[in-house]
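I set out to record a few local features of this structure. The entries follow the order in which I looked them up.

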Amino acid sequence: MIVAGGFWGDEGKGKVVAYLALNDKPKIIARAGVGPNAGHTVYSLDNKFGLRQLPCGFVYKGARLLIGPGVLINPEIVLKEVKLTDSGDRVGVDHRCTVIESSHIEQDRSSAHLKGKIGTTGTGCGPANVARVNRVAKLAKDIPELERFLTDVPQEVNDSLGKNELVLIEGSQGFGLSLIHGTYPYVTSKDTSACTLAADVGVGPTKVDDVMLIFKAYVSRVGEGPFPTEMAMEEAERLGIVEYGTVTGRRRRIGAFDFDLAKRSVMINGATQLTITCLDRLFKGSSGIKSYGQLPANAKEFIEHIEGELKVPVTLISTGKDIKNIIDLRSEKL
Ligand code: IMP
Ligand code: MG
């Protein structure tokens, strides 16, 4: 199963992957997507983990935690997160991952175009992808500190799929930030749709049986670029849906659920299931609810409206920050 972001990132993928990991017990959780420009947050047992490189499924101790060759790595951040999550014995980094160097970070932060006009996260991802395209980048295999983690991720993942085991592929960013399908030039430095997420970890399209596309009940965007359903800051404050970025601390722009963007996102990702997150933040009385029947009527209408428009079943609904605040409808709807 691939977990992908449907809007402009920050849909709550981290929490959803953590839930799926604990509930479905995959043998492997493989991180795909761009790199440490992502900030995925997991709230588990009163602890808050903000991860940028390791899969958020680390909370399930039975899974191997891999970073696919398509993902950019900042070795310092990888090593820090291995320590933070105490997961060194089960982490694997593909030897072909592109390494972000300090010069890439400097370029990203000092460029008037990247930092100023586009509003990048300043984590060096764009310049590192340029270095890879120019064939001058360092790879993970060139970094001695990573030696004990190096592995062949595509081989591990395909061996596992060959044994009919469950593999979870954790995407990062969101569909609207895709370099190819998004709001160019206000996008990230790579495609972010499901096909590329599969390629990031070395899985062919015929091997993917499920694409779980995540939408937040409202939309947020950090950085510049078009945002058709954007609302005034005061309106977001009135609704209580103000947000700040995990990586950059920037205040996020907020808007209403965008059905046009969502339809295109469903189409290009080939979504088979949808998750709606942050329902509790939009609808009073839905916080912490774990069964669909107990949701307030307006929240249920909203979910049914989404299903009617997007024609894909909503199988997971997140009703709070903690992993256990979720409505899982998969056994009823699939
Ligand atoms: P970059 O990926 O750092 O080059 O930034 C390009 C654009 O993508 C900027 O608008 C960033 O705010 C946005 N972006 C990149 N990664 C994320 C993410 O994980 N969540 C939200 N926005 C992101
Ligand atoms: Mg984020």
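Predicted model: local features only at pLDDT ≥ 70, side-chain atom pairs only at ≥ 80, totals over all residues.

**Entry: ligand 1.** I first asked which residues come nearest to ligand 1. Of the 21 residues around the ligand, these are G9, T120, T121, T188 and G223. I then sorted the shell by class and found 7 nonpolar, 13 polar and 1 charged residues.

**Entry: helices α3 and α5.** I next turned to helix α3, residues 102-110, and helix α5, residues 125-133. Their axes lie 7 Å apart, and the helices pack at an angle of about 125°. An angle between 115 and 145 degrees falls in neither the perpendicular nor the antiparallel class, and α3 and α5 are therefore oblique to each other. I noted the crossing of α3 past α5 as right-handed. Which residues meet where these helices touch? On the α3 side I listed H104, Q107 and D108, and on the α5 side G126, P127, A128 and A131. By class, this contact of α3 with α5 comprises 3 nonpolar, 3 polar and 1 charged residues.

**Entry: I317.** I located I317 in strand β13, which spans residues 314-318. Is I317 buried or exposed? I recorded 26 C-beta neighbours inside 10 Å, so I317 counts as buried, the cut-off being 20 or more. Setting aside residues up to four places away in sequence, I found that I317 touches I276, L279, I303, I326 and I327.

**Entry: Y19.** I found Y19 in helix α1, residues 13-24. Y19 has 24 C-beta neighbours inside 10 Å and therefore counts as buried. Beyond its neighbours within four places in sequence, Y19 is in contact with I323 and I326. I326 is also among the residues that I317 touches. I looked up C56 as well: it is 37 residues from Y19 along the chain, and their C-alpha atoms are separated by 9.3 Å.

**Entry: Y60.** With 21 other C-beta atoms within 10 Å, Y60 is buried. What does Y60 contact, leaving aside its neighbours within four places in sequence? I listed A21, L22 and K25. Finally, I noted that the C-alpha atoms of Y60 and P26 are separated by 8.6 Å, the two residues being 34 apart along the chain.

Definitions and conventions: Residues numbered from 1 in each chain as written. Chains lettered and ligands numbered in written order. Near = placed C-beta within 6 Å. Nonpolar A, V, L, I, M, F, W, Y, C, P; charged D, E, K, R; others polar. Axes fitted to C-alpha atoms, helices over the stretch in contact; angles between N-to-C directions. Helix = DSSP H or I, 4+ residues; strand = E, 2+ residues; numbered from the N terminus. Parallel < 35°, antiparallel > 145°, perpendicular 65-115°, else oblique. Left-handed = near helix turned anticlockwise from the far one by under 90°. Contact = placed C-beta atoms within 7 Å. Buried ≥ 20, exposed ≤ 12 C-beta atoms within 10 Å, placed from the backbone.
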